[in-house]
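Here's a short tour of how the parts of this protein model meet. Have a look at it first, then read on.

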Amino acid sequence: MTAPTTATDVNQPSLEHAPPAGRRMSWPVLCLVIAGALALTSLVRLITGADGITNVSQMSTALQLAVPIGLAGLGGLWAERAGVVNIGLEGMMILGTWFGAWAGFQWGPWTGVLVGLIGGALGGLLHAIVTVTFNVNHIVSGVAINILALGATRYLAPLAFEGRSGGSAKQSPAVDSLGHFTVPGLSDGLSDLNDKGWFFVSDVAGLLGGLVTNVSWLTLIAVALVPATWWILWRTAFGLRLRSCGENPIAAESLGVNVYKYKYLAVIISGALAGLGGVFLSIVANPFYLEGQTSGRGYIGLAAMIFGNWMPGGLAIGAGLFGYTDSLNLRGGSANVHALLLLGALLLVIGAIWLAVRKKYVNAVITLVVGALVFAWYAGTNEVPNQVVSATPYVITLVVLALSAQRLRMPKADGMPYRKGQGK
Amino acid sequence: MKKFDKERVLLAVAGPVIALAVAFVLSAIVLIASGKNPVEPFALMFEQAGFSDIQVLIVNQASMYYIAALAVAIGFRMNLFNIGVDGQYQLAAMMAAVVGAHANLPAALQVPLLLLTAVFTGAFWSGIAGVLKVTRGVSEVVATIMLNAIATSLIVYMWKPDVFGVKVGNNNTTGEMHESGWIPGIDMGAAGEIYGLVILAVLLGIGYWIVLNRTRFGFDLRASGASESAAAASGVSPKRMVLTAMLLSGAIAGLAGLPILLGDTHTYSLNFPTGIGFLGIGIALLGRNSPVGIAFAALLWAWLDKASPELDFHGYDKEIAVIMQGLIVLSVVVSYEAVREWGLRRQQRRVGAELAAGHVLGANNTTKEVAGR
């Protein structure tokens, strides 16, 4: 009896395992991969002596830089899951920075958070009106919103900030801090452990230490929003309906879902999240609004979301990667970056071996050659220009997209125009 | 056909006119809301347009906007969104500046060399996105956004003194270009000089029209943009068209920074204008991807740019012009869409009425012009 069943099991292309390998990793595998990456980083740290790469303060900076990118990415996720491409995230973030600081310096930082959120949501509402009601191309509308938000804040900033103490036409007066917290005991202990320089243990301690030392309350909220988004979108009826609008609005409509309503809600929430990312920049990362503060983070958030395959977890990893490379740049550490070249070379070699095992010999050889070149770069130089570091996240995103674009799956009706009753 | 033409022209004009009116009204509301006179700023800006030195500035600025918008428009005609024009023109201008500072040929060779450098740099940078799209299916929107960011890093790297950079005070430059590569301006007396490469912008516009409307390639391009599957069925390779359109778009984008580089600054410094690529998107939309429309849109944009600084002297903030640009783009896209849907509905009603009256179907089928040619 047993033999035939196994045979059919093997031959049957079962539905659960239909997605290509690597798309959906189980938790143990994911943990193993992360642990492996950490171990490799640790090894590189020991070889090169660049202690900075897994430092507590390095990790804490990385987290702070990752938060606005992650929030923008979450904003993109909400909109795109409902089928609306939101390239106006940048503009909504700009609105968030301005409104957050404007309310923040007058009525306290928490009011600033709320008002910044509303500012972003207003940008989202405008995007929803233009794309959902008027059915304009989503990208075009987003670009227009970016221009408009930039102009509006540049126009409003002198009116609101000039003449106040510490304010100018391009900068707002200082906003009070939201407050930080450091988990007592744990932070010091991890910091001590991190200083020991032990293989692996110290690196894990550095990573965890960054998560519990000097964390802003807004950071905590932002981190909590990732699982919260996952739960709402994938575990509630509301989320299912919202996602159905992004996958097949006509089918959703036939089941009685008010597609317009869900699209509107999703895009407004998307704007609010991007606005929150902006607030983080103008209240937590800096205690003031500064013109050009977002510097393209909205676009990077979008990239992080695509990198993460339109899933909250992947998005968080993408944002973390961007934040980490940004922090390397910010904290100088040319030596640290140089050390990471070795890590890159090692990763490429491992990738080549993996490809060879999977019998993709041509790709394996190419990867190996690239790895060798990176190693030669590492061996032949003593430091790396800063610009290489600032370009790294973008190059990585391009490479990841090039390698996995066919495996990425965006919501099926993402960016498509929709009219009620068009399926009849 | 003749009978319909007048209404189609009306429809085509209605979009931008409604949009501009709405944008002006909305900006006036913004002005009233901030406690200012809603009419005077516009009066001041219109007055500015009458001064010949401002006119020269407007024409110069518009030439760059025009070229950038043409680059975007080529993509739009093919349903491609080249958001990377910004990175392409900056990188291309920088490469041209670097080549111009190091190579020193006679002017007859130097100028073509610089133009080609810019064209190839722009095409190379957009070509990366094109190749990724064709071979790996990467969305050109995301790829070009990434390439913009990489271009910024690359430019900062090339500004380093040990690469191609020359420090002038606090400013990063690429060093002065050799004079053989300078393009003399058209002297307008006291008003200043019009960049010589404004002529290039005009030629590009004519070339754009000829290629798109009078060649087989242009037809293929527009057909692929209108319906990729239909074009593929008639023997046009969509992949080849995507790559060609992307390369062409990047090549034109590469020229966008040259009027000011070869006509005025002669070096690529921190003061070099940025963001022209993004503005080009709005201008291409406003001009409906037509070479004449884009020319008007570019002049309008340049006017808003160059006439607005005067507002600062009269107690207004010149940023109102940026708000206007944003409002114009937004109301333009909305009104185009609304007018288009209205036109479609009208036509449907008309055809329905004619069918009911027993006319032959298809005699007045104007919207299917692409397929009908």
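## Where the chains meet

Chain B and chain A bury about 3400 Å² between them, and carbon and sulfur atoms give 80% of that. (Buried area is the accessible area, with a 1.4 Å probe, that two parts lose on being put together, summed over both.) In chain B, the residues that lose the most area to chain A are B:Arg136, B:Met146 and B:Leu330, together 18% of what that side buries.

Before going further: this is a predicted model, where local features need pLDDT of at least 70 and side-chain atom pairs count only at pLDDT 80 or more, while totals for chains, interfaces and linings use all residues. Residues are numbered from 1 along each chain as its sequence is written, chains are lettered from A and ligands numbered from 1 in the order in which they are written, and side-chain values use heavy atoms, leaving out hydrogens and water.

How many residues does the contact take from each chain? It takes 40 from chain B and 37 from chain A, where contact means heavy atoms within 4.5 Å. The rule finds one salt bridge across this interface (a side-chain nitrogen of Lys or Arg within 4 Å of a carboxyl oxygen of Asp or Glu). Its partners are the side chains of B:Glu341 and A:Arg419, at 3.6 Å, N to O.

## Two domains in chain A

Chain A is split into domain 1 (51-331) and domain 2 (332-404), with bounds that come from an automatic or database domain assignment. Their centres, taken over C-alpha atoms, are 29 Å apart. In this contact, 15 residues of domain 1 of chain A meet 15 residues of domain 2 of chain A. The two domains bury about 1300 Å², with 69% from carbon and sulfur atoms. A:Phe307, A:Leu328 and A:Asn329 supply 37% of the area that domain 1 buries here, more than any other three residues. As for salt bridges between these domains, the count is zero.

| Residue | Helix | Relative accessibility |
|---|---|---|
| A:Thr97 | H4 (residues 89-107) | 2% |
| A:Asn146 | H6 (residues 138-161) | 9% |

Why does A:Thr97 count as buried? Because its relative accessibility is 2%, and buried means under 20% relative accessible area (1.4 Å probe, protein chains only). Among the residues that A:Thr97 touches are A:Tyr289 and A:Gln293. A:Asn146 also counts as buried, and its contacts include A:Ile87 and A:Tyr299.

Technical notes:
Helix = DSSP H or I, 4+ residues; strand = E, 2+ residues; numbered from the N terminus. Buried < 20%, exposed > 50% of the residue type's maximum accessible area, 1.4 Å probe, protein only. Lists of a residue's contacts leave out its neighbours within four places in sequence.
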